[in-house]
Amino acid sequence: MIFAVLIPLLVACFIPTLSKAKNKIHTGIFTFFVPFFIFLYFIRLVGKDFTPIRQTYNWIPSLGINLDFYLDGLSLLFVLLISGIGSLVVLYSIFYLDKKERLGHFYVYLLLFMTAMFGVVLSDNVFVLYTFWELTSISSFLLIGYWHFKERSRYGALKSMLITIFGGLSMFGGFILLSVITGTTSIQEMISQTDVILSSNYLPLILALILLGAFTKSAQFPFHIWLPDAMEAPTPVSAYLHSATMVKAGIFLIARFSPIFSGYEGFFITVSLVGIVTLCWGSYMAVRQTDLKAILAFSTISQLGMIMAMLGFGTPAAVFAAVFHILNHATFKGSLFMIAGIIDHETGTRDIRKLGGLFTLLPISATLAIFGTFSMAGVPFPFLNGFYSKELFFEATLDLESASLLAELIPYLAILGSIFTFVYSMYFFFGVFTGPKKLNQLPKKPHEAPVGMLLSPIILVLGVILIGLFPNMVNAPFIQHAAEAVNSDAEYHKISFWHGWDFTPLHMSLIVVALGIVLFLTRKKWTGVYKVLPGKLSFNRVYDSLVNKLDTYSAGITNSYMTGSLKLYMSLILATMIIVTTGFMLLTDGFTISSNNLADITIIEVSIVIIMVAAAIATIFTKHNMAALLILGVVGYGVALLFVIYRAPDIALTQFVVETITVALFILCFYHLPKLRKTDDSSGSKTLNAVLAIGFGAMMTLIGISAYSTNWFDSISDYFLKTSYKLGGGDNVVNVILVDMRGLDTLFEIAVLGIAALAIFSLIKLKKNKEAE
């Protein structure tokens with residue numbers, strides 16, 4: 001499994017080189033084989049006899065953080081969606097993206113995102129999962145903002161990142177609390193300690209933090225506002241991120257942690273309510289849109305709300321329906337995004353007001369759209385997979401065990417949301433492919449897309465039809481395992497098209513179709529309702545206002561101290577160090593003074609210290625650059641003498657060398673600087689300087705004394721004394737430590753000095769070249 005996670009990342013390293021040949025071979029061809037072979041590797045595991053697989057690789061074992069991968073039915077479903085849809089998206093992009101585009105950047109971002117998603121769905125360690133989770137936010141930011149020269153692309157990318165990373169940080173807090181309560185970082189071990197978690201006083205806080213992560217990532221109300229703006233990304237990105245992968249990461253998170261939280265009433269209320277509201281609001285707002293991808297964006301929000309609601313119900317039937325709809329949604333929504341891309345590619349616009357009558361001009365695309373839109377609408381045809389999961393959803397709303405008002409309202413809200421789902425589905429298809437042609441309003445003369453661009457949506461539509469005709473073909477060997485991973489009580493649920501006329505979900509579907517047709521045919525007469533709801537109310541305005549105020553206040557705070565005064569900067573740095581360090585030591589009882597095992601102090605040591613103190617004070621009053629440096633050097637050489645007296649010749653020699661070089665370098669620098677001069681500071685400024693100087697010196701003194709006096713940790717000196725000769729082959733312990741035991745430290749210190757020397761040399765050369773010019 002680790003190879004499935006890391007191979008896309010490794011291949012991404014070679015994409016910039018491969019993209020140089022894009023004029024001869026499209027870079028997408030190289031990329032295509034990565035998800036395709038991963039799909040072939042995992043598809044062989046599908047079957048009735050599938051059992052979960054666990055693999056562990058050491059990463060940070062001292063913190064209990066390992067690369068723990070766990071493949072069960074749920075993660076297998078998502079892995080196949082990520083790799084399968086990913087293969088089709090890459091295939092589609094080969095014909096969608098021109099070779100003049102920055103293909104190297106695009107496919108690097110895509111493979112980076114693929115790695116992140118594989119990591120999310122396969123990780124069993126919560127902190128590893130979080131690492132990959134944030135990687136999805138970063139890589140999706142790059143993908144959404146791929147056309148960075150467009151202001152809307154930059155806006156959408158930033159918006160998605162701010163909202164999803166806010167949720168990710170909240171989720172991270174929940175993971176920390178879970179790991180503290182359970183004493184483990186493994187999700188499966190946490191599930192085994194469900195009783196401990198449910199009895200914790202922190203349960204409401206943990207649930208709220210984790211749900212924030214899931215809701216923001218899966219665009220649940222009111223965090224849904226980032227998804228429509230993310231549609232500024234290229235269509236392959238929209239088809240991949242927003243139909244099968246990124247937006248379903250939050251769904252996966254809820255499903256993965258359902259075994260823990262499903263027994264808590266707050267989980268049912270929160271997730272079900274947010275999901276059903278998102279379903280209704282998303283479908284209602286989709287009818288208002290005029291951009292094809294915006295319609296699909298709000299439809300995705302709606303469909304995600306439906307899945308989220310079913311996971312909130314938590315019953316075996318609801319969980320089965322949710323898992324089944326995850327698969328179905330990926331097939332019909334992925335195909336529709338690609339059809340929208342084809343329409344945009346072949347007509348030059350996505351504005352549905354300028355489109356119409358394209359059935360005869362794009363017959364294949366129109367035929368594919370019929371299956372996609374009608375499946376999304378849940379039209380009761382036996383060859384549409386969307387109808388099956390929609391009917392299972394209705395059935396789940398009727399089987400809720402809770403006696404609360406919410407449980408009573410949910411079936412009616414489900415019908416309401418489904419009615420608008422039917423309306424926007426019909427609006428999408430008939431608004432584009434039927435009615436009068438408007439060729440004079442199109443930027444390009446429309447014609448059918450090339451076969452290569454049609455191939456991916458054809459495969460997805462075949463999936464819609466095959467699952468619709470043979471739903472149980474994917475049931476027992478595939479869907480059932482995923483449902484059992486979410487709810488162990490999930491039983492085999494045979495999927496049938498016909499249950500008889502007395503079947504209530506069928507009546508609900510017929511109501512949806514009947515009222516949906518009426519609302520669709522009268523759409524222009526009632527769309528004025530949008531002036532009332534949402535009217536002037538907009539979550540986008542709230543977001544924009546918050547971001548603008550954040551920018552304004554941040555700029556104000558920053559400008560208050562970023563004045564260009566080096567003196568102010570140094571004062572703030574020193575004051576912060578004093579406050580933070582002293583405060584931490586006070587809170588942790590870090591100040592300790594002990595006189596045990598101290599060396600004897602003679603008149604020689606006292607004399608050297610007096611000279612050092614006098615030299616340090618003298619630097620304050622001297623007015624000559626060179627004199628100040630030489631007097632300051634006395635302090636350093638005095639420290640070296642103390643090392644000699646206390647029998648540390650190696651350290652003394654190092655101090656002598658460092659001090660000599662430092663003084664020489666300072667003399668060289670100060671030779672070109674202005675002479676020291678007396679400044680007319682106010683008494684308050686002088687007092688502040690004195691306080692900072694004395695405070696910082698006192699702090700460092702107390703830290704040195706406390707470091708010697710405290711025994712929080714066992715001394716490591718005995719280890720060095722015992723092993724220096726054995727491991728390093730040297731009698732001089734200090735040399736062995738520097739060269740062998742911390743050899744990498746020393747190597748990098750030398751490297752830093754070398755880099756600094758090269759930088760200085762380059763600056764000198766640049767200065768000479770400019771003077772020569």
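Valine 451 is exposed, with a relative accessibility of 65%. The residue belongs to helix H19, which covers residues 451-469. Valine 451 and histidine 105 are separated by 346 residues in sequence. In space, their C-alpha atoms lie 26 Å apart. The model is predicted.

**Aromatic pairs**

A pair of aromatic rings is described by two quantities, the distance of the centres and the angle of the planes. The count of aromatic pairs in this model comes to 39. One of them joins tyrosine 92 and tyrosine 96, and this pair is stacked. Their ring centres are 5.6 Å apart, with 20 degrees between the planes. Planes under 30 degrees apart count as stacked, over 60 as edge-to-face. Both tyrosines sit in helix H3, residues 73-96. They are four residues apart there, about one turn of the helix. Tyrosine 92 is buried at 0% relative accessible area. Tyrosine 96 is also buried, at 10%.

Phenylalanine 106 and tyrosine 146 form an edge-to-face pair, because their planes stand at 70 degrees. The ring centres of phenylalanine 106 and tyrosine 146 are 5.3 Å apart. Phenylalanine 106 lies in helix H4 (residues 103-122). Tyrosine 146 lies in the loop between helix H5 (126-144) and helix H6 (151-182). The pair therefore ties together parts that are 40 residues apart in sequence. Phenylalanine 106 is buried, at 0% relative accessibility. Tyrosine 146 is buried too, with a relative accessible area of 1%.

The two pairs are set out below.

| Pair | Centre to centre | Angle between planes | Class |
|---|---|---|---|
| Tyrosine 92 and tyrosine 96 | 5.6 Å | 20 degrees | stacked |
| Phenylalanine 106 and tyrosine 146 | 5.3 Å | 70 degrees | edge-to-face |

**Cluster and charge over a ring**

Aromatic residues also group together. One aromatic cluster is formed by Phe221, Trp281, Tyr284, Phe420, Trp526, Tyr530 and Phe539. Another kind of ring contact involves a charge. Arginine 44 places its charged end over the ring of tyrosine 41. The distance to the ring centre is 4.3 Å.

**Cysteines**

A disulfide is a covalent bond between the sulfur atoms of two cysteines. This structure holds zero disulfides. Cysteine 13 is exposed, with a relative accessibility of 57%. Cysteine 280, by contrast, is buried, with a relative accessible area of 12%.

How values were computed
Residues numbered from 1 in each chain as written. Predicted model: local features only at pLDDT ≥ 70, side-chain atom pairs only at ≥ 80, totals over all residues. Heavy atoms only, no water. Phe/Tyr/Trp six-rings, centres within 6.5 Å; stacked < 30°, edge-to-face > 60°. Helix = DSSP H or I, 4+ residues; strand = E, 2+ residues; numbered from the N terminus. Buried < 20%, exposed > 50% of the residue type's maximum accessible area, 1.4 Å probe, protein only. Lys NZ or Arg CZ within 6 Å of the ring centre and 35° of its normal. Disulfide = S-S within 2.5 Å.
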